[in-house]
Amino acid sequence: MKLPRFSRKTLGIPYAVFLVFFVIIPMLVIVFYAFTTGVKDPETGAESFSFSFSNFLRFFSDPTKLSTIVYSLVIALVTTVCCLLIAYPVAYILARSRLKKKFVILMLFVLPMWINFVLRVNALREIFNLLSLAPALESLTSANYFKTIFGMVYDFLPFMILPLYTTIMKIDQSLYEASADLGGSALVTFTRVTLPLSMPGIMSGVTMVFLPSMTNYVVSDMLGNAKVTIIGKFIYEYFGNDWHMGSMVALVLLVVVFLSSWLSGGFKADENVRGTNL
Amino acid sequence: MAEKIIELKNVTKYFDDNLVIDNVSFYVKKGEFITFLGPSGCGKTTTLRMIAGFDLPTSGQILLGGKDVSQLPPNKRPVNTVFQRYALFPHLNVFENIAFGLRCKKVVNTYENDKGEKYTRREKLSKKEISDKVKKALEIVDLEGFEKRSISTLSGGQQQRVAIARAIVNEPEILLLDEPLGALDLKMRKEMQIELKEIHRRLGITFIYVTHDQEEALTMSDTIVVMADGVVQQIGTPKGIYDEPANTFVADFIGESNIFSGKVVGDKQVKFCGKTFACLDDFGVNEIVDVVVRPEDLKMCAPEEGVLKGEVLSVVFKGIHYEITVKVGKYEIVVQSTESREIGDKIGLTVAPDGIHLMKPRYTSNIFDGVITKHNTVEFADGEFECDVTQLYPGSHIDDEEYLITASGEKIDLTGVEVKVEVGLSDVTISDDAEAGGTTGHIISIIYKGDHYRLIVRTEEEEEDFVLSTDDLWNENDYVSVIIPKDKIKLTLKNAEAKK
């Protein structure tokens, strides 16, 4: 019996189909909607489209929308920095400790990922409600921002810890020894050996935290008393009634994400550790 | 005598509960090329790491130029290391790797101000100083022009050179090399050996070198420290160690050896292989000794002229010489010669007196601390053995209730009594049936002694060693059980009080 032989080309067909239908066509649809306006014929109910830059102009002439973009960026940035500052020492200590049970400790940090996201955010909200002893303080907008960022850090922390942990784990112990041997103090060893060598982990942690925290409006909705609007919320709302504007916002976000990835060097495919060992 | 640059005093190191370095003391002279030589796991790398500061001794002192540095961190010690797997920084290029140590360094510079007063400042090295030093270091290791190369583009040999340059650029008082040539192929190794020796000569600093390759140690060193089981076996010049090994371990580990059990029969007369030979070593008459004869010290001659007569078993061509195994009676003797013989040839062998080396046997019997248990058995070395307890009290016997009745009719309960257990080397046998004997262990050493093998079996828990002689061939690391016949276990009371 002759087994059917699949060439690499034939095996690739399903993926190509998938890419065309679920990535390329939807993208084109978004671009199409973003640069058109639709007029509904009141009699037939059919919609006719006309090419237009009006969505683009509307977006960039609306200060609320622009400030939302900036707010989203700032929230994402603060969240990422907080995650990094918390995660790095944890990952560093765990990766370098000789504890036999360090895997268990790592699991405890990662465990929240396995509990439903909405449940976690709800629980956090309840805790904040319990703690809201000063209602005057609560009404401040900054409190909402604080709670939003707190929630995001809580949610995304594991995504920062894991890549950092795996990268630091992989650093050869003898490199620390070599640094000390050459006269490097603990600080020199950290800044000149550990930190540069854990850069791939930092980069992938940053991309895994920064991008979702720009769009994850569930957290901002639930914890920010709906007073904190981030760009993801916009897209959600526009797709209720105005697909054209929604597409435009999505497209702007895409460009922002692309630019930030590009600036952080995320497209350098080599030695970028995005996966984890867990 | 040259100045002692580094001295170890009673250094002991435990990793958790494992003793890896057992009370080691020695010193290194300034400018010397010294090698720690030994099989893997003998503690040579740990000793080096303690000198570098990566591991701290559990007890004892390490003196550097007379100053105790035992507890100093590595970055505060004037030594640099060439690591086993180089440990080059992968994110830095060749220049930055070599400059790493220089950038950490601060030097005291003296200046003069307008008023002519002198003052000093601790400063980092200037850019030019650094690049000059790096350039010089690269010249020494023959890698001019490699500054900008990234580490991953270098071959093993080139990485090795960068690692050496990175260490010597700091002008350390002592350069530590941890099996630096282990990852290179044979030809490259030979070249690097010569080059390292040349670098040592040019720099004039002390080199401490770790290797398990005896040939490398003999080629390169001024002094060799032979280590085994965390203990220094012998310290000496390569020639001294080769010609006069201190014990059978050294003789077996360094070069090829024929090792026999012999007996001194007169003034500088030793008997082994059934014949008497003249030798140079002075031992007491009737003393049992180990005899070491190097294969190249055995001369082949016509059968009637030889002291030993035998038949050629095998001939192997080794490039410069032939290795010929000769069967003499029940002994197998290895001879090296530039002349060949045919298998089956009858030949004679002679040895000049200076080719015979006598040494005190390391083991003449096995001695353990034991405790008598309930049923008149003795417990030692992780096991329980049947024994004859009546030997502790002359004329005694055991009654029906398993009590010992002495000659005077006194009843003694021996349970828990501590005894010294002695077992002769030839009274211990081993079996691969784990249930067959009183205790079990792994074979940790095998030395061929002409007509039998000398094995050491180490038990797992207490790490007690059984030394035994056997005709059978075993493999190192074999898991065996130790069998001792009841009547071969010699007991003596440890506590004289108990005897009364």
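This note goes through the predicted model point by point.

1. Ground rules. Residues are numbered from 1 along each chain as its sequence is written, and chains are lettered from A, with ligands numbered from 1, in the order in which they are written. In this predicted model, local features need pLDDT of at least 70 and side-chain atom pairs count only at pLDDT 80 or more, while totals for chains, interfaces and linings use all residues.

2. Contact between the chains. On chain B, 17 residues are in contact with 15 residues of chain A; contact here means that the C-beta atoms, placed from the backbone, lie within 7 Å. β6 (79-82) and α2 (94-104) of chain B each supply at least two residues of the side that touches chain A. The most comes from α2(B), with three residues. Helices (H or I, at least four residues) and strands (E, at least two) are DSSP runs, numbered from the N terminus.

3. Make-up of that side. The residues of chain B that touch chain A divide into nine nonpolar, six polar and two charged. Ala, Val, Leu, Ile, Met, Phe, Trp, Tyr, Cys and Pro count as nonpolar, Asp, Glu, Lys and Arg as charged, and the others, Gly among them, as polar.

4. The sheet. Chain B has an open sheet of four strands in the order β2-β1-β4-β5, with antiparallel pairing; strands pair if DSSP finds at least two bridges between them. At the edges are β2 (18-29) and β5 (67-68) of chain B, each pairing on one side only.

5. One pair within it. In chain B, β1 (residues 4-15) and β4 (residues 59-64) are joined in the antiparallel sense over five bridges. K9(B) stands opposite Q61(B) in β4(B).

Definitions and conventions:
Two residues are in contact if their C-beta atoms, placed from the backbone, lie within 7 Å.
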